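Dear colleague,

I am handing over the model below, and my notes on it follow. Please read them with the structure open beside you.

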Amino acid sequence: MLYRTLGKTNLKVSEVGIGTWQLARGGDMWTDPDENESLKALAHFVDMGGNFIDSAWIYGYVGKTGHRYSHELIGKFLAESKLRNKLIIASKVPPKNMHWPALPGVPVSEVFPPDWIASCVDDTLRDLNTDYLDLMQFHVWQDYFVEDDAWKSAVQKIIKSGKVRFWGISVNDYQPDNCLKTLDTGLISAVQFIFNIFHQKPTETLLPYAAKNNIGLIARVPLDEGGLTGKFSQNTKLPSADFRNHYFREPRLAELVKRTDALKTLIPDSQSLTQFALRYILSWPEVSTVIPGMRKTSYVDTNISVSDGRKLPPALLSELKNHSWERNFYI
Ligand SMILES: NC(=O)c1ccc[n+]([C@@H]2O[C@H](COP(=O)([O-])OP(=O)(O)OC[C@H]3O[C@@H](n4cnc5c(N)ncnc54)[C@H](OP(=O)(O)O)[C@@H]3O)[C@@H](O)[C@H]2O)c1
């Protein structure tokens, strides 16, 4: 496993991190997680040199009982493995109004009031069996939030308390630049954003900005929720509650298959499409870490195999621009 520096934090993060949204029960978007297999995948990832774990307060949250199952699963792993201090743990404060993405026009006082930020940090520390977080991220953002000072004081106070080392923003889906004025405050060390062969928009402004200002970059949804593994076909049937039934609804599934078939013809060697898609992201030196969701040990093996320093050649990166497919799958 190779490591990169997470911007000005100076933390050395594995260039392949693990996304944990789908690892545990709860929530209503991913179906059928086998938590024993998820725990094995997490342990295997760490055994293989992975050190960056991304989670969120909301992952696997069940309102009726208050469980946050993704946090709890990671907390169990940290307690049993005793590896906390070797790992870099990131989580996210959900919007208090529970609205993803942040709606334009809503004041930050309704989304991230200081007492909400503080209580979500405390919940997270308890869930994860730790007394500090390496990175806490706002789970949605609107750049006009920069005009309010309350969240800034809250973040500074929490960092001073030692509960959180660095702060980040996980930007709204498909809005990579909806944070740039906020980054100018210097309070934010890392940005998490959708980046994959289909959604190349971050290369236009966010990547150059981050390189210039030493902001850590965390690339999420690198496999387009599994679409860029090439495992979806016209006949794919997902469990009915899986959100990807909506995400890949017709005519998008047919279009996805057409596009992944075209991408397969560009792979220069015996890599799989999954490896090619992840290597595309690691070919950008501005990216600190890519965080595929991995709930199987076999996924860990495939996905970390791209951490070998080999980048796609510039001509191929240029050719791949023709394969971008900018769309908002959620609308
Ligand atoms: N707003 C936000 O802040 C936000 C939003 C989305 C995601 N995230 C973070 O980013 C992480 C990654 O995004 P994501 O998980 O949504 O999307 P993703 O990484 O693009 O796709 C993950 C899915 O791809 C499939 N997959 C992964 N590796 C595979 C392999 N080697 N072979 C075959 N299939 C493979 C798995 O599907 P199956 O499990 O169904 O087999 C997996 O659940 C999340 O876990 C989360 O930590 C953050």
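Predicted model: local features only at pLDDT ≥ 70, side-chain atom pairs only at ≥ 80, totals over all residues.

**The sheet and its strands**

Ala190 stands opposite Gly216 in β11. These two residues belong to a pairing in which strand β10 (residues 190-194) and β11 run in the parallel sense over five bridges, where strands are DSSP runs of E of at least two residues and helices are DSSP runs of H or I of at least four residues, both numbered from the N terminus, and two strands are taken to pair if DSSP finds at least two bridges between them. Residues are numbered from 1 along each chain as its sequence is written.

Five of the five residues of strand β11 (residues 216-220) are buried, so this strand is largely enclosed by the rest of the structure; here a residue is buried if 20 or more other C-beta atoms lie within 10 Å of its own, exposed if 12 or fewer, and partly exposed in between, with C-beta atoms placed from the backbone. In a regular strand the side chains alternate between the two faces of the sheet. In β11, Gly216, Ile218 and Arg220 point one way, whereas Leu217 and Ala219 point the other way, and all are buried.

The open sheet has eight strands with parallel pairing, in the order β3-β4-β7-β8-β9-β10-β11-β12. Its edges are β3 (18-19) and β12 (289-290), each of which has a single partner strand, so one side of each is left without a neighbour in the sheet. Strand β9 (residues 164-170) is mostly covered, since six of its seven residues are buried.

**Surroundings of the ligand**

Which residues are the closest to the ligand? They are Gly19, Trp21, Arg220, Leu223 and Gly293, out of 27 residues that surround the ligand, a residue being counted as near a molecule or strand if its C-beta atom, placed from the backbone, lies within 6 Å of it. The shell around the ligand divides into eight nonpolar, twelve polar and seven charged residues, where Ala, Val, Leu, Ile, Met, Phe, Trp, Tyr, Cys and Pro count as nonpolar, Asp, Glu, Lys and Arg as charged, and the others, Gly among them, as polar. Helix α11 (residues 297-304) contributes three residues, the largest share of this shell.

**A helix contact**

Helix α2 (residues 69-81) and helix α4 (residues 114-128) have axes that come within 7 Å and cross at roughly 50°; axes are lines fitted to C-alpha atoms, for helices over the stretch in contact, and angles run from 0 to 180 degrees between N-to-C directions. The two helices, α2 and α4, are therefore oblique to each other, given that angles under 35 degrees count as roughly parallel, over 145 as roughly antiparallel, 65 to 115 as roughly perpendicular and the rest as oblique. On the α2 side, His71, Glu72, Ile74, Gly75 and Leu78 meet Thr124, Asp127 and Leu128 in α4, two residues being in contact if their C-beta atoms, placed from the backbone, lie within 7 Å. By class, this contact of α2 with α4 has three nonpolar, three polar and two charged residues.

**Backbone details in the loops**

The loop between β7 (88-93) and α3 (108-111) holds Pro101, which is joined to Trp100 by a cis peptide bond with omega of about -10°. Met98 lies in the loop between β7 and α3 as well, and has a positive phi of about 55° although it is not a glycine; with 12 C-beta neighbours inside 10 Å, Met98 counts as exposed. A cis peptide bond also joins Glu250 and Pro251, with omega about 10°, and Pro251 lies in the loop between α8 (244-247) and α9 (252-264).

With kind regards
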